[in-house]
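Hi everyone, thanks for making time for this. I'd like to walk you through a structure, one piece at a time, so please have a look at it on the screen before I start.

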Amino acid sequence: MKRIFLLIATNFAILLVASIVMSILGVNTSTMGGLLVFAAIFGFGGSFISLAISKWMAKKTMGCEVITHPRDNMERWLVETVARQAEKSGIKMPEVAIYQSPEMNAFATGPSKNNALVAVSSGLLYGMTQDEIEGVLAHEVSHVANGDMVTLTLIQGVVNTFVIFAARVVAGIINNFVSSNDEEGEGLGMFAYMAVVFVLDMLFGILASMIVAYFSRIREFKADEGAARLAGKGKMIAALERLRQGPESGAMPAQMSAFGINGKRSMAELMMSHPPLEKRIAALKNS
């Protein structure tokens, strides 16, 4: 229930901010230029607001406990390992957190390389060896060092803009076609037009999701390569092998899952944010 409330509140804030910006700029959506500005404001606005509050959202939705003062040797080792890897990667020390979940997973998030959060699940801490955990941490630190959060935000903003703009352009063409063949020239009407826009948003959204997923899979291969450099190829391969033996990931919200060590499995690889673990292991072995 808490996650749903936060999602609704975030979307409402995005709509409010975007509406205020449009009002200030005096955007006229009846022109192609105005429609493109409208699409860009909503397309990029939502992505950048989500990026700006990503750490806060992660802590709230996942119940992350940030380690400020290590309570035991495991927490001390986690912080020291991330600190060592961050220094080697040339970034500021990310916050380190633990969240309660039986699945073996971890994620990184944050608005920039030097303002990030690396979180691991309790299931991962108890289900992996230290060498395997070190490989996972190195993978997440590599995501941060590569600037993957910002990169994905830009890609998501571009595809969001395309979806919003293309759906309304095509709907306008359909409306003009119907109007030209209608004796009264009334076109689709408001409700029919909105229904067409909604359907086109869905169809173009599926295509956009495939594009984002493609770039996400590339990021995962690069993060695995970075982890191999930071922690050693053997440790990263061992971590992936352990994940392959475990259950499917599923408890993490989509925004965090995209930067997790283990993504959701799917019948269609085109829709997967993570490559199959077998392919990731093979890529490391052949590198």
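Let's start in the sheet, where strand 2, residues 95-99, runs parallel to strand 4, with 5 bridges between them. One of those contacts to have a look at is Val96, whose bridge partner in strand 4 is Val118. Before I go on, please keep in mind that this is a predicted model.

Now, what is on the other side of the story for strand 4? Strand 3, residues 106-112, pairs with strand 4 as well, here in the antiparallel sense and again over 5 bridges. In that pairing, Ala106 stands opposite Val120 of strand 4. Strand 3 and strand 4 make a hairpin, and 2 residues sit between them.

So how does the whole sheet line up? It is an open sheet of 4 strands in the order 1-2-4-3, and the pairing is mixed. Strand 1 (65-66) and strand 3 are the edge strands, each pairing on one side only. Strand 1 joins strand 2 in the antiparallel sense through 2 bridges, and there Val66 has Ala97 of strand 2 as its bridge partner.

Next, helix 3. Ser54 belongs to this helix, which covers residues 54-62. Is Ser54 buried or exposed? Its relative accessibility is 2%, and because buried means under 20%, Ser54 counts as buried. The Ser54 side chain also makes a polar contact, at 3.4 Å, with the side chain of Thr109.

Which residues of helix 3 are buried? They are Ser54, Lys55, Met57, Ala58, Thr61 and Met62. Looking down the axis of helix 3, you find these buried residues within an arc of 160°, so they line one face of the helix. Just after helix 3 comes Gly63, with a positive phi of about 65°.

Let's move on to the aromatic rings. There are 5 aromatic pairs in the structure. Take Phe44 and Phe48: their ring centres are 6.2 Å apart and their planes are at 20°, so this pair is stacked. Both residues are in helix 2 (residues 32-52), 4 residues apart, which is about one turn of the helix. Phe44 has a relative accessibility of 24% and counts as partly exposed; Phe48, at 38%, counts as partly exposed too.

Another pair is Phe162 with Phe204, which is edge-to-face, with 5.7 Å from centre to centre and 65° between the planes. This pair links distant parts of the chain, since Phe162 is in helix 7 (residues 148-180) and Phe204 is in helix 8 (residues 190-231), 42 residues apart. Phe162 counts as partly exposed, at 39% relative accessibility.

Last stop, the database record. The unreviewed UniProt entry lists residues 5-27, 33-53, 158-178 and 190-215 under "transmembrane region". What does the model show for residues 33-53? That span is 95% helix and 0% strand, with its end C-alpha atoms 30 Å apart. Residues 158-178 come out as 100% helix and 0% strand, and their end C-alpha atoms lie 30 Å apart.

That's my tour, and I'm happy to take questions.

Key
Residues are numbered from 1 along each chain as its sequence is written. This is a predicted model: local features need pLDDT of at least 70, side-chain atom pairs count only at pLDDT 80 or more; totals for chains, interfaces and linings use all residues. Side-chain values use heavy atoms; hydrogens and water are left out. Buried means under 20% relative accessible area, exposed over 50%, partly exposed in between (1.4 Å probe, protein chains only). A polar contact is a pair of N or O atoms within 3.5 Å; within protein, one must be able to donate a hydrogen and the other to accept it, and residues adjacent in sequence count only if both atoms are side-chain atoms. The arc is that of the directions from the helix axis to the C-beta atoms. UniProt positions are given in the numbering used here, feature names are shortened, and annotations may be inferred rather than shown by experiment. Two strands pair if DSSP finds at least two bridges between them. Rings of Phe, Tyr and Trp (its six-membered ring) pair if their centres lie within 6.5 Å; planes under 30 degrees apart count as stacked, over 60 as edge-to-face and the rest as tilted.
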